[in-house]
Amino acid sequence: MSTVMRFPLLASVLTAACFLALAAAFFAALGKPPFEMLSSLVVYALGDAYSISQTFAKMTPILLCALAVAVPGRLGLISVGAEGQLHAGAILGTGLVLLAPELPGVVLIPLMLIAAAIGGGLYGWVPGMLRARLDVNETIVTLLMNYVSVLLVSALVFGPWRDPASQGWPATMKFPQGAVLPAVPDTRIHLGLLVGVLLAVGLHLFFNHGKWAQKIRILAGNRKVGEMFGLSYAFWVVALMSVGGAIAGIAGIAEVSAIQGRLQPTISLGYGLTGFLVAWLARHQPLVILPISLFVGALVAGSDALQLFAKVPAASAVIMQGLLFATALAVPGLLARWRTYRDR
Amino acid sequence: MTADFVALLATWCIATLRSATPLIFATLGETLTQRVGVINLGIEGEMLTGACVGFTVGVATGNPWLGLLAGALAGGALSLLHAGLVLGAGANQIGSGLAVWMIALGGTSFFGRALVGKQVTPLADLGSPLTDGIPFIGTVMAQATMAVPLAILATCFAAWWLAQTRPGLKWKAVGESARIAGENGIRATRVRVTAIVVGGLLAGFGGAVLSVDYTQTWAQEMTKGRGLVAVGLVIVARWKPALVLPVCLLFGLAEVSVLRIQSAGYAFSPHLLGTFPYLVVLVVLVSSHVFARRASAMPADLKAVFA
């Protein structure tokens, strides 16, 4: 199966053009003026300080989930578990806050982030171990595990963790001030974004320049050759799956702490799946994930506002993401096909 | 006492079968798709689309069979997108399947809003004066619909077709190596497109059985990962249609146990109980790796997807 490995300029421009055409057709099909809708989408995503804050707020979990997929992806592992790891991180992080809500922020926030990383990390460790020890397909295991931790969040907030003061609404108590991630004043841009950007840079250095960069590349390219060099495939499978899970876990607690203010069932708008596709588009390169997650974050934030102000259905954001990814999957391959045909 | 026990056993048997039926169609479809060397995670979206379109047509026409047919066609049509992306554009199969799933998620949650609370005419049950009153069989027939025997027949037919017919042999050859199959005069791409569409038709049909026959309601994202469960169960069934039936029944049994525990009034969290069927599938998947060698059963071209 031939796949174009790089994303050259022509393919990117064509992808964008095709996506815009499809999005316009989608709005036309809804009976809305397509060009007006597309321009308001841009305005709602980037038009003023509020929109930009919303875009960065949506970008943050997408960025973290994409990194969570990219880390095991560098070894050739296909993990689709960011959604489940996000929820697992949210559970453990929230558990810590509920346990010691009166701790000062300087202590509580780092502890909360660590707990979330452990929660997500454990949730990545399980499929990692299964893959390393028993050769169980990590894609299927992570996909199925997603449903489990999402249900566990519901079980907790409908049950033991429900705040009696919330009048039947399934949610924990509101996070105390010391457990809310610091944010840029009057915006929803919070510490999670900084963590994501730093992680992206750090992972770029680790996977491209660090001591381990070449070893992991060899192991990913050919497991047997890697093992001849004394590298343990099993160790790296478990390590990278766990680290990926930990990153998604941070995404989870960041949503709970900075955006929702409490644990409730709707902490993720499918960020795990979006993150997977972003990571895949970026070919698992952390620095490429940054702009793509910003773009998709803008798309999600813009369609959210469009739903509010232009009465576009709520499902539009998901449909447009699906169209974007289908286009990005189709265009480079078709282009390569056309080139072979032309050169013949 | 004995009569009570027989009646209880019969209720459990038929409940398990009915719960497993949508999944049997989907798992069978995914098995056939994977036998030609293509993995389709979009089956989750195809099932969901089949459930949505099937329910819409079922409500509109008042004829459940038309609903099932429409659901199958919708699933098949959506699978063409996966076929186009994977075979036409050489796209990554996992990425393509997830993109298809995403489009279906958005599309059905949009079109499904109009379906919430609607009533559908279900399939007729198989009870008749002939079987009424016979222990076990009478109970089973009174609660079964045609979808159940259809699912069993479909798996038997697929198992026979794959093992005993020449086109079946061609499909298996393509799954082992499209290149060698092509060198021997088999149109590998055509076989693969056909298998993806057959998988989509079956998944769509299964989805429609779920909404029209089993739950008889529409709910957003109502397949709840059944398509992905199907992908996992294909591995457990070692890519054999004949084994699809027993592995799907395990999931059905898990789901029925959950429903029974809930309706018996035990104070369990329904969400916590809801994790049980997924855990059962995971445990079964892991144990199938412990107790059986998987590598030999997996179509060789499929391995390349994960390499």
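How many residues of chain B are in contact with chain A? The number is 40, and they meet 39 residues of chain A; a contact means that the C-beta atoms of two residues, placed from the backbone, lie within 7 Å.

## Basis

This is a predicted model, in which local features need pLDDT of at least 70 and side-chain atom pairs count only at pLDDT 80 or more, while totals for chains, interfaces and linings use all residues. Residues are numbered from 1 along each chain as its sequence is written, and chains are lettered from A and ligands numbered from 1 in the order in which they are written.

## The chain B side of the interface

On the side of chain B that touches chain A, at least two residues each come from helices H3 (64–88), H4 (93–111), H10 (226–236), H12 (270–274), H13 (276–291) and H14 (300–306) of chain B. H4(B) gives the most, with twelve residues. Helices are DSSP runs of H or I with at least four residues, strands are runs of E with at least two, and both are numbered from the N terminus.

By class, this side of chain B has 25 nonpolar, 14 polar and one charged residues. Ala, Val, Leu, Ile, Met, Phe, Trp, Tyr, Cys and Pro count as nonpolar, Asp, Glu, Lys and Arg as charged, and the others, Gly among them, as polar.

## Chain A overall

Chain A has 13 helices and zero strands. Its C-alpha trace spans about 70 × 60 × 30 Å along the principal axes. Of the 344 residues in chain A, 54% are buried, that is, with 20 or more other C-beta atoms, placed from the backbone, within 10 Å of their own. Among contacts in chain A with a separation of 6 or more, 77% join residues 24 or more positions apart.

## Helix packing in chain A

Helix H3 (residues 49–73) and helix H12 (residues 286–310) of chain A have axes that come within 7 Å and cross at roughly 135°. Axes are lines fitted to C-alpha atoms over the stretch in contact, with angles from 0 to 180 degrees between N-to-C directions. H3(A) and H12(A) are therefore oblique to each other, a class left over once angles under 35, over 145 and from 65 to 115 degrees are set aside. The residues of their contact divide into 16 nonpolar, five polar and one charged.

Helix H4 (residues 82–99) and helix H11 (residues 271–281) of chain A also have axes that come within 7 Å, crossing at roughly 130°. H4(A) contributes A:Ala82, A:Glu83 and A:Leu86 to the contact, and H11(A) contributes A:Tyr271, A:Gly272, A:Leu273, A:Gly275 and A:Phe276.

Notes: Buried ≥ 20, exposed ≤ 12 C-beta atoms within 10 Å, placed from the backbone.
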